[in-house]
Amino acid sequence: MNDTFLKACRGEEVPYTPIWIMRQAGRYLPEYRAIRGKADFLTMCKTPELAAEVTLQPIDILNVDAAILFCDILIPCEAMGQGLDFHEGKGPILSPAVRDADTINKLFVPDPEDSMKFVMDAIRLLRKELEGRVPLIGFAGAPFTTATYMIEGGTSKNFLNTKRMIYEAPALYASFMDKITATITEYLKAQISAGAQAVQIFDTWGGIFSPMDFREYVLPYVVRIIDELKSWMNSESNERVPIIYFVGETAGLLEEIRTSGADVYGVDWRINLDDAIKRLGSDVIVQGNLDPLSMFLPQDKIEERVKDVLGRASSARGHIFNLGHGVVPQTPPENVIALVEMVHRLSRK
Ligand code: CP3
């Protein structure tokens, strides 16, 4: 089995730098669009055979070193009792938007093997179909990032309603976050039990805060999940799977992120990786951090940037190559295929 990714997550010696790409199964691949043409996005997430099929596409096409389960961070919102829909061109719609105690009281902490069983079924199916070729990454949204969608009712520009709840009704916000945190903790445990070999917590919107507010309103809930997962893995003699914490707009928050207890820190492209490592400490494992839009450069320029990132990453204890955020739908797939080849060739010892 190609366990380069898992070894790098644990800080062990690797023959080359492993790479996977956020949103590696997605609309930039014609093979994905072919399936998506026949089924809507939520149906794909909820049909284990379809979810497994698109999860495997980038393994065959790109030669990446890890598979990430095809699903979405908003699936648990529906399982908690909120309506979820994806509108073509408009993104996700969650209804009713969570703005008061009444709505929060109606939400519940679901049993993941009940209302999200299709996710665990997809994981179980994938572990069989992967036959150990590459490890399978599970994931969830961080409580705060999940909360923004639930409070705003979808995607937002300035997160007005989220910040208003935090500043005007902090106790209400805390009670809501308790529910989401419990949901996500149980959800990640279920994914690990089903066979996920690493998990990534996506905090895409964590960077909208000052460090002070991040410490108070975002980080404690992530810490709660990571602490709970770690002690659960130890006590149940479960396999100790690596936990990756990715925060968008990472640069202002590195010192805070460092205290999360994660095994691997995702870094976006707005900071040089060596600067990030200096602030995180050289004993860390980092993941990142090429600008997703650099995939539109000619390949010789992409190669220069790959060399640059690999060079800057050398001061860390370990490095997993990735983009600084998800690959965008318009990306030429041939450049992503070339990226994976470059990372493997240029990092080989
Ligand atoms: O990385 C992977 O390949 C695994 C699958 C995955 C998806 N979404 C598939 C998806 C993962 C890990 C996510 C995470 C996710 N989803 C995040 C966090 C990471 C990030 O990108 O910031 C967020 C914020 C979401 C919420 C979400 N899902 C939005 C806002 C949208 C609509 C915007 C858009 O890109 O269209 C989605 C839809 C979505 N999730 C698609 C895919 C492949 C596109 C759906 C389609 O095929 O129409």
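Q: How many salt bridges does a search of the whole structure find?
A: The search finds 23 salt bridges. A salt bridge here is a side-chain nitrogen of Lys or Arg within 4 Å of a carboxyl oxygen of Asp or Glu. This is a predicted model, in which local features need pLDDT of at least 70 and side-chain atom pairs count only at pLDDT 80 or more, while totals for chains, interfaces and linings use all residues. Residues are numbered from 1 along each chain as its sequence is written, and side-chain values use heavy atoms, with hydrogens and water left out.

Q: What makes Arg 36 and Glu 88 a salt bridge?
A: Their closest N and O atoms are 3.3 Å apart, and the cut-off is 4 Å. The pair links distant parts of the chain, 52 residues apart: Arg 36 is in helix α2 (residues 30-36), and Glu 88 is in the loop between β2 (83-87) and β3 (91-95). Helices (H or I, at least four residues) and strands (E, at least two) are DSSP runs, numbered from the N terminus.

Q: Why is Arg 36 called partly exposed?
A: Buried means under 20% relative accessible area, exposed means over 50%, and partly exposed is in between, with a 1.4 Å probe and protein chains only. Arg 36 has 21% relative accessibility, so it counts as partly exposed.

Q: Is Glu 88 buried or exposed?
A: Glu 88 has a relative accessible area of 68%, so it is exposed.

Q: How do you know that Arg 133 forms a salt bridge with Asp 60?
A: The closest N and O atoms of Arg 133 and Asp 60 are 3.0 Å apart, which is set against the limit of 4 Å. Arg 133 lies in the loop between α8 (117-130) and β4 (136-141), and Asp 60 in helix α4 (residues 48-62), so the pair links parts of the chain 73 residues apart. The relative accessible area of Arg 133 is 39%, so this residue is partly exposed. Asp 60 has 53% and is therefore exposed.

Q: What makes Arg 240 and Asp 263 a salt bridge?
A: The closest N and O atoms of this pair are 3.0 Å apart. Arg 240 is in the loop between α13 (219-235) and β6 (243-247), Asp 263 is in the loop between α14 (254-257) and β7 (264-266), and 23 residues separate them. Arg 240 is at 35% relative accessibility, so it counts as partly exposed.

Q: Which residues are linked in a network of salt bridges?
A: The network links Glu 113, Lys 117, Asp 121 and Arg 124.

Q: Why is Thr 148 called buried?
A: Thr 148 has a relative accessible area of 1%, so it is buried. Thr 148 lies in helix α9 (residues 143-152). Leaving aside neighbours within four places in sequence, Thr 148 is in contact (heavy atoms within 4.5 Å) with Gly 153, Gly 154, Phe 159, Thr 162 and Trp 205.

Q: Where does Asn 63 lie?
A: Asn 63 lies in the loop between α4 and β1 (67-68). Phi of Asn 63 is near 70°, a positive value in a residue other than glycine. With a relative accessible area of 49%, Asn 63 is partly exposed.

Q: Which residue does a cis peptide bond join to Gly 288?
A: The bond joins Gly 288 to Asn 289, with omega about 0°. Asn 289 is in strand β8 (residues 285-290). The peptide bond from Ser 95 to Pro 96 is also cis, with omega near -5°, and Pro 96 is in the loop between β3 and α6 (101-106).

Q: Why is Gln 330 called exposed?
A: Gln 330 is at 59% relative accessibility, so it counts as exposed. Gln 330 lies in the loop between β9 (318-323) and α17 (333-347).
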